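Look at the structure shown here and follow its parts one at a time. The text below goes from strands to a loop residue and then to a pair of helices.

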Amino acid sequence: MSIPIKLDTSYLAQEVTPEEVYSWQAHVDFCHEMLHTRSGAGSDFLGWVEPKIMMPAAEVDRISQVAARLRAGSDVLVVIGIGGSYLGARAVIEAIGGPDKDRIIFAGQNISAHYHKELLSKLEGKRIAINIISKSGTTTEPAIAFRLLRNYLEEKAGKEKAAKLIAATTDAKKGALRNLAVEQGYETFVVPDDVGGRYSVLSAVGLLPIAYAGIDIKALLESAAKCAEELKTADLKANPAYYYAVLRNLLYNKGKGIEILASFEPRLHYITEWWKQLFGESEGKENIGIFPASVDFTTDLHSMGQWIQEGRRSIFETFIDIEGGEPDLIIPNELNDADGLNYLAGKQVHEVNQEAYRATALAHREGGVPNSSIVLPKLDEETLGAMLYFFEKACAISGYLLRVNPFNQPGVEAYKGHMFALLGKPGFEKQTEEIKKRLQIG
């Protein structure tokens, strides 16, 4: 494989062997055919499968140009969105950094009065730009945040100037946000009709904030496109994403209903958050599905580590391992060695972190937790673009192997109807009365 990703499955046996994985080839062939002929459930949402088609070069250039204009005209970009509308961008920005990473703030992912009041206070005295991301423009959390922040920007800059500092990523033709954007003259980008939110990081949804941070979006996309080409084969011996999808399902069938994604690098925290949404929303249906959880090691070895090592054996782990490319930072020697760390003097901090990873994987395997590792040579646009696509492709096939539609999310709507009824939204009067009785509200 030429993609910059390796799948290390050394610590899966005896629960899962290569022979068992390869025995699923016929199932994988069937699911692969459904995906690539668009004949399976959710086939209207497969635009992400071909990154180059999803994002033509001309549109990528326009995103870069608009990002540069917004960056020049503002001190801070406030990215407003929830779920897939912000997690992908935040994951990439936190992981890679970029020269202007600290100039990006995220809003619209909660309805906390404290959060938004504090955010408005922090923005005082700063020139702000806004990227509102919402297909409809009516999703409660981002809609509230946008109303607050748009009013704030218009009060500070005036309506005409504010309009030049707002970019709306929304439906191509319809919806409240599209109508407002046309009316006010906002720069607009499209949420593709055939790409669900959790698969949208490599579309304009994720790329505009990522470009504002100063990250090379062309390199990110090029790597994802190369990965897409490599993963077009259904052969389990040549497609690590499919191998990963099968081993997950094998472990699930053997009672391992929880997958923990673990990394030893704090800047991967939002990658694991993005991964949880990707797999949780795709697979958790019809009272089945692997529950995706995540931990940040070594920090969580001092909390969740005990449960993972000796708790109920219903879990398996996937590690993200970054082999190199980390900063040079040498542990110094101390004459009195009061902390007993001179045995580490002269070693790179990353070397110590790597040994902590290896020790943890071995200890957890010895404790009855099968685990595998996604191994990256370093963390940059090339490896991250490939890893994002790797997980998307694996998730699609894993969902089909589970016999669920990996591209819908009907359960997400359940709380919304209750919330609209309790808040008195027009059209929900009957539900309001029923819910108040159930909650015994007078």
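In this predicted model, strand 2 and strand 3 (residues 104-107) run parallel and are joined by 4 bridges. Val78 stands opposite Ile105 of strand 3 in this pairing. Strand 2 is also joined to strand 4 (residues 128-133), by 5 bridges, and these two run parallel as well. Here Val79 stands opposite Asn131.

The side chains of strand 2 point two ways: Val76, Val78 and Ile80 to one side, Leu77 and Val79 to the other. Strand 2 (residues 76-80) is largely enclosed by the rest of the structure, because 5 of its 5 residues are buried.

From Asn131, move on to Tyr199, which is 68 residues away in sequence and 19 Å away in space, C-alpha to C-alpha. Tyr199 sits in the loop between strand 6 (187-190) and helix 10 (204-212). Its relative accessibility is 2%, and buried means under 20%, so Tyr199 counts as buried. Leaving out residues up to four places away in sequence, Tyr199 touches Trp48, Leu278, Ser282, Glu392, Cys395, Ala396, Pro406 and Phe407.

The last stop is a helix pair. Two packed helices are described by the angle between their axes and the distance between the axes. For helix 13 (residues 269-283) and helix 16 (residues 381-401), the angle is about 20° and the axes are 9 Å apart. Angles under 35 degrees count as roughly parallel, so helix 13 and helix 16 are roughly parallel to each other. The contact includes Leu278 and Ser282 of helix 13 and Glu392 and Cys395 of helix 16. By class, this contact has 11 nonpolar, 3 polar and 2 charged residues. Helix 13 passes helix 16 in a right-handed crossing.

Key: Residues are numbered from 1 along each chain as its sequence is written. This is a predicted model: local features need pLDDT of at least 70, side-chain atom pairs count only at pLDDT 80 or more; totals for chains, interfaces and linings use all residues. Side-chain values use heavy atoms; hydrogens and water are left out. Axes are lines fitted to C-alpha atoms, for helices over the stretch in contact, and angles run from 0 to 180 degrees between N-to-C directions. Angles under 35 degrees count as roughly parallel, over 145 as roughly antiparallel, 65 to 115 as roughly perpendicular and the rest as oblique. A crossing is left-handed if the near helix is turned anticlockwise from the far one by less than a right angle, and right-handed if clockwise. Contact means heavy atoms within 4.5 Å. Ala, Val, Leu, Ile, Met, Phe, Trp, Tyr, Cys and Pro count as nonpolar, Asp, Glu, Lys and Arg as charged, and the others, Gly among them, as polar. Buried means under 20% relative accessible area, exposed over 50%, partly exposed in between (1.4 Å probe, protein chains only). Two strands pair if DSSP finds at least two bridges between them.
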